[in-house]
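Please open the structure in your viewer and keep the sequence at hand.

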Amino acid sequence: MNADLVLVNGNVLTMAGDPAPCEAIAVRNGLVAKVGTSSEIRSCIGPRTEVVDLRGRTVIPGVNDAHIHPLQLGTNQPPLTLDLSRSAVRSIADIREALGAAAQAKRPGEWIRGAGWDQGYLSDGRYPHRRDIDDLTPDNPVAFREWSGHALWVNTKALELAGIDRHTEPPLGGVIVKDGAGEPTGLLLEGAARLVDAVVPEFTEDEQRRALTTAIALMHRNGITSITDAGTDAENIARYAALQASGAIRQRVTAMLLAGGARDLREQLEPFRGGDADPRWLNVSQVKIYGDGVPTQARTAWVSEPYVGGGTGAMTTPGDTPEEQLTTLQEWVMTAHELGFQVGTHATGDRTVNAVIDAYQAASATFGVNGLRHYVIHGDLTREDDLRRIAASGFGVSFNPQIKRSLSHQLVDVLGRERTDYQWPFRTAMELGVPVGSASDAPVVGLPDFREGLAAMVTRASLATGEVFGADQVIGLGPALASYTSAGAWQDGAEQWKGTLAEGMAADLAVLGDDLMRMPADAIADVPVELTCVGGEVVYEAESPDRTDSADPASAAAAGEHGYLESGCCHD
């Protein structure tokens, strides 16, 4: 058997049960053909086989980012949107400088968008205000999305266009932040942001397609081969299908239809039952429900113990009272389950998580489990008794270690030390038998980077301060990597064909530029991704990969000895 692609002389972490790495792997027809020693795998080399000499580097299964927002990730990139992430700005003065430059290129009336500002990384020690930007943009509405996506900072022009003033009532669960005189400050939390979103023009179809291709290219650079688009719609699903058919993108996509909007959920889901798309590439099988907000400075997650300073947050499902909101949650879960859709619910506060599990269990009791693996999205403050219920019911959780690394140092003044340490209880959940997937939630905290997530899980150290938050929740590198690979495949109900590098599995893989298992924990976040394959096809490679064409035996031998010889892809 001649392989299409062979990787030798490395550490292949198959994640298929045996923790010991193999030396080499062979790929044929998009599948893993064989794993073993380098001498065994060299027998698979034929005249058209492409060979990669790993020289001790690590191969892992392609990363399954179990919760990401690709369209938003793409549209958040310049030039469509100002980059206000922590790597770009560290003060309101920095933001003003970026905005001033952007405003000069805009015509009066044109919107200026920005994303990524993080209160915890701004040196000003206060929340931004519309007055901070009004003088720069008297004729241009401005909308700056906060890093989490749960807050919006706008100028006075944007408030005027949205009809927001001191008398405006926000939707239930939303907050229009006001100053001491009762006037809006320009900060809008949760559902209140939708009042402005409703008047911001959409990106053009061409911009949205380019945004998707940009986002997927960013994912490939980060070793991501499979994703769950966490809350999309029919139009975006059509974009995926068109881009995949044209060859513009090569990425495995599980799509979550976002519950809500103008249409009844049943009417929204019916067109996607029994679709004809190849589920290995585009699988429309899930429903996303927003249950509450976030346990950050916004204090919008629904919690049982009040935040430091007071308040318990609220749910965000439609309804005029908490009872009506709970009824909406239960009805949506019941409908989705009846129609055969897996449900993932955004639930960060412990009260919301508890209500979500109640709804999942009720639907399973009414219609039978039917192989549906409902799960809690984020689940920051899930109590131990609810983790037990999740495990016993066959549900799962999707945690966000990259956010943990970025955010922990900011939350002691919001949650107190005990809850901040506990937030995202990886060890407790895994010890109780809960299937735990890890996800970036990008563009939250910037780019999707599983390496930062691994570092967070094995150290629980803050990116900003180095302080450890929740040492008792530290897990080993093996379970951490599984949460980004095999556990993501389990969440998709696809563990029989992806998520590990066993023979016959999808040849989705990433090559890391060092021996991952021997690296110090504080270096994991910086290990480079050098090669990414989806279905056996190279979709990303660093500038100087150790690749050669076996049609030239001298070159192949030289690559094995010296490395860094290049050739084009050669696949049957």
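Please bear in mind throughout that the model is predicted.

**First stop: Asp132**

Select Asp132, which belongs to helix α4, residues 131-134. Is Asp132 buried or exposed? Its relative accessibility is 12%, so Asp132 counts as buried, the limit for that label being under 20%.

Next, display the surroundings of Asp132. Apart from its neighbours within four places in sequence, Asp132 is in contact with Ile92, Arg96, Arg126 and Trp153. With one of these residues, Arg126, the side chain of Asp132 makes a polar contact of 2.9 Å. For a sense of scale, select Ala365 as well: from C-alpha to C-alpha, Asp132 and Ala365 lie 53 Å apart in space, and they are separated by 233 residues in sequence.

**Second stop: the aromatic rings around Trp153**

How many aromatic pairs does the structure hold? There are five aromatic pairs. One of them consists of Trp117 and Trp153, arranged edge-to-face, with 5.8 Å from centre to centre and 80° between the planes. This pair links distant parts of the chain: Trp117 is in strand β9 (residues 112-117) and Trp153 in strand β11 (residues 151-154), 36 residues apart. Both Trp117 and Trp153 are buried.

Phe144 is buried, as is Trp153. Together, Trp117, Phe144 and Trp153 make up one aromatic cluster.

Select Arg113 and Phe203: Arg113 lies over the face of Phe203, 4.0 Å from the ring centre. Then select Arg252 and Trp281, where the charged end of Arg252 sits over the ring at 4.1 Å from its centre.

Side chains of opposite charge can pair when their charged atoms come close. Across the whole structure, a search finds 28 salt bridges.

Begin with Arg166 and Glu183, which form a salt bridge whose closest N and O atoms are 2.7 Å apart. The pair links distant parts of the chain, 17 residues apart: Arg166 is in the loop between α5 (156-162) and β12 (175-178), and Glu183 is in the loop between β12 and β13 (184-189).

Move on to Asp449 and Arg451, joined by a salt bridge with the closest N and O atoms 2.9 Å apart. Here Asp449 is buried, with a relative accessible area of 12%, and Arg451 counts as buried at 11% relative accessibility. A group to select next is Asp350, Asp358, Arg383, Asp385, Asp386 and Arg389, which salt bridges with shared partners join into one network.

Within that group, focus on Asp386 and Arg389, whose side chains meet in a salt bridge of 3.1 Å, N to O. Both residues lie in helix α12 (residues 384-393), three residues apart, about one turn of the helix. Asp386 has a relative accessible area of 1% and is therefore buried.

Select Thr228 in strand β14, residues 224-232. Its relative accessibility is 0%, so Thr228 counts as buried. Beyond its neighbours within four places in sequence, Thr228 is in contact with several residues, including Asp65, His67, Met256, Tyr375 and Asp492. The side chains of Thr228 and Asp492 are joined by a polar contact of 3.5 Å.

In soluble globular proteins, nonpolar side chains tend to be buried together. In this model, the largest nonpolar core has 88 residues, of which Ile60, Leu454 and Leu516 touch the most other members. Helix α11 (residues 350-367) gives the most to this core, with seven residues.

Not counting residues up to four places away in sequence, Leu454 touches Leu477, Ala480, Leu481, Tyr484 and Ile524. Finally, select Val52, Leu501, Leu509 and Leu531, which are among the members of a second, separate core of 16 residues.

How values were computed. Residues are numbered from 1 along each chain as its sequence is written. This is a predicted model: local features need pLDDT of at least 70, side-chain atom pairs count only at pLDDT 80 or more; totals for chains, interfaces and linings use all residues. Side-chain values use heavy atoms; hydrogens and water are left out. Helices (H or I, at least four residues) and strands (E, at least two) are DSSP runs, numbered from the N terminus. Buried means under 20% relative accessible area, exposed over 50%, partly exposed in between (1.4 Å probe, protein chains only). Contact means heavy atoms within 4.5 Å. A polar contact is a pair of N or O atoms within 3.5 Å; within protein, one must be able to donate a hydrogen and the other to accept it, and residues adjacent in sequence count only if both atoms are side-chain atoms. Rings of Phe, Tyr and Trp (its six-membered ring) pair if their centres lie within 6.5 Å; planes under 30 degrees apart count as stacked, over 60 as edge-to-face and the rest as tilted. A charge sits over a ring if NZ of Lys or CZ of Arg is within 6 Å of the ring centre and within 35 degrees of the ring normal. A salt bridge is a side-chain nitrogen of Lys or Arg within 4 Å of a carboxyl oxygen of Asp or Glu. A nonpolar core is a set of buried Ala, Val, Leu, Ile, Met, Phe, Trp, Tyr and Cys residues joined through side-chain atoms within 4.5 Å.
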